[in-house]
Amino acid sequence: MALQSSGVTFRKILSHFPEELSLAFAYGSGVYRQAGPNSDQKNAMMDFVFTVDDPVAWHTKNLKKNRSHYSLLKFLGPKIITSIQNNYGAGVYYNSLITCDSRLIKYGVISTSILIEDLLNWNNLYIAGRLQKPVKIVAMNENVILRSALDKNLRSAVTAAFLMLPESFSEEDLFIEIAGLSYSGDFRMVVGEDKTKVLNIVKPNIAHFRELYGSILQENPQVVYKTQQGRLEIDKSPEGQFTQLMTLPKTLQQQINHIMDPPGKNRDVDETLFQVAHDPDCGDAVRLGMKKSMIYSSLKLHKMWKGWLRKTS
């Protein structure tokens with residue numbers, strides 16, 4: 001269930017920041033109840049993401065308004081902060097451990113264009129992965145391209161999960177699979193703390209996941225969604241799987257092609273996906289592709305971060 005923080009709480013916090021936001025959302029245990037030992041979240045830190053069309057202009061205003069939020073980077077100015085935001089890490093710049101309206105918050109700033117890319121192609125699934133789980137949208141403008149990309153990200157999450165699940169499964173199975181996508185791409189391989197974390201996110205929030213995905217599931221011609229029993233049946237024919245594979249985000253398709261295309265063959269992605277669709281182990285190929293995507297993006301981020309540290313030291 002959502003915590004008692006009303007929309008007013010979020011909007012009051014938002015009023016401390018420059019207004020030019022294409023999207024602002026709050027997420028995590030400070031917003032949605034989670035199961036487990038840390039379930040008393042009344043004083044938990046609230047996490048926000050602010051999406052901005054022009055990061056340099058936004059940071060310029062925010063440095064005037066909230067200079068103390070920034071680390072030593074404030075002395076380097078808004079252009080350098082934006083350069084770090086766009087080119088290192090996952091395209092997000094975070095200010096953490098900020099007290100705002102008597103609440104402890106952390107907020108990340110991401111460029112609208114970088115977020116749209118991630119939502120459509122799953123370049124690193126960092127913010128796109130957050131948006132596959134229930135979040136509290138606090139502000140949103142009329143950017144049609146962004147709205148369409150947010151919807152596509154949810155549809156892609158459903159499709160990837162469908163390919164990795166058996167013919168018949170429960171809503172909870174589906175939501176656990178989706179919530180685990182942005183971890184290692186293979187929920188069965190997620191161990192210890194992360195596995196518990198995924199279950200703790202899903203179990204108390206089934207209703208919120210249903211709200212997020214219900215209409216997508218009901219409109220999907222490839223699934224029978226028995227809402228009363230909370231069960232789903234999916235088309236597992238090669239034709240059905242090929243249709244699903246063809247709508248996956250580009251980065252994931254390329255990773256599946258990379259894994260499944262034998263050396264020297266250099267097949268088109270479409271050809272590889274057609275073959276995978278006819279393979280009884282289709283789901284495993286998608287899992288592996290997902291895992292490779294996550295490893296690839298975390299290595300890329302690690303490399304970029306090291307590069308920045310070298311430049312600044």
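1. Ala-26 has Lys-136 as its bridge partner in S5. The two strands concerned, S1 (residues 23–27) and S5, pair in the antiparallel sense over 4 bridges. Since the model is a predicted one, the pairings described in these points should be read as features of that prediction.

2. The pairing of S1 with S5 belongs to an open sheet of 5 strands, whose order is S3-S4-S2-S1-S5 and whose pairing is mixed. Its edge strands are S3 and S5 (136–140), each of which pairs on one side only. Averaged over the sheet and with direction ignored, neighbouring strands are turned by 20° against each other.

3. Which strand runs parallel to S2? It is S4, joined to S2 by 7 bridges, and within this pairing Ser-111 in S4 is the bridge partner of Val-52. With S3 (residues 92–100), by contrast, S4 pairs in the antiparallel sense, again over 7 bridges, and here Leu-104 in S4 is the bridge partner of Thr-99. The hairpin of S3 and S4 has 2 residues between the strands, and Asp-101 in this hairpin takes a positive phi near 55°.

4. Strand S4 is mostly covered, with 8 of its 9 residues buried.

5. The loop between H2 (55–65) and H3 (78–87) contains Asn-66. Is Asn-66 buried or exposed? It is buried, because its relative accessible area is 10%, which falls under the 20% cut-off. If its neighbours within four places in sequence are left aside, Asn-66 is in contact with His-16 and Phe-17.

6. A search of the whole structure finds 10 salt bridges, and one of them is formed by Lys-106 with Asp-47, with the closest N and O atoms 3.5 Å apart. Lys-106 lies in S4 (residues 103–111) and Asp-47 in S2 (residues 46–52), so this pair ties together parts that are 59 residues apart in sequence. Both Lys-106 and Asp-47 are buried.

7. Another salt bridge joins the side chains of Arg-147 and Glu-142, at 3.4 Å from N to O. How does the accessibility of its two partners compare with the cut-offs? Arg-147 has a relative accessible area of 35% and is therefore partly exposed, while Glu-142, at 62% relative accessibility, counts as exposed, the cut-off for that class being over 50%.

8. A second open sheet has 3 strands in the order S6-S8-S7, with antiparallel pairing. Strands S6 (168–170) and S7 (223–226) stand at its edges, each with a single partner strand, and one side of each is therefore left without a neighbour in the sheet. The twist from one strand to the next averages 20°. Between S7 and S8 (residues 231–234), which run antiparallel, there are 4 bridges, and Tyr-225 stands opposite Leu-232 in S8. Helix H7 (residues 171–180) lies across S6, S7 and S8, and it runs at about 80° to S6.

9. Glu-233 and Lys-226 meet through their side chains in a salt bridge of 2.8 Å, N to O. Glu-233 is partly exposed because its relative accessible area is 34%, and Lys-226, with a relative accessible area of 32%, is partly exposed as well.

10. The last point concerns a pair of helices. H6 (residues 144–164) and H10 (residues 238–246) pack at an angle of about 145°, and their axes are 9 Å apart; the crossing in which H6 passes H10 is left-handed. Which residues of H6 take part in the contact? They are Thr-159, Phe-162 and Leu-163, which meet Gln-241, Gln-244 and Leu-245 in H10. By class, the residues of this contact divide into 3 nonpolar, 3 polar and no charged.

Conventions. Residues numbered from 1 in each chain as written. Predicted model: local features only at pLDDT ≥ 70, side-chain atom pairs only at ≥ 80, totals over all residues. Heavy atoms only, no water. Axes fitted to C-alpha atoms, helices over the stretch in contact; angles between N-to-C directions. Left-handed = near helix turned anticlockwise from the far one by under 90°. Contact = heavy atoms within 4.5 Å. Nonpolar A, V, L, I, M, F, W, Y, C, P; charged D, E, K, R; others polar. Pairing = 2+ DSSP bridges. Salt bridge = Lys/Arg side-chain N within 4 Å of Asp/Glu carboxyl O. Buried < 20%, exposed > 50% of the residue type's maximum accessible area, 1.4 Å probe, protein only.
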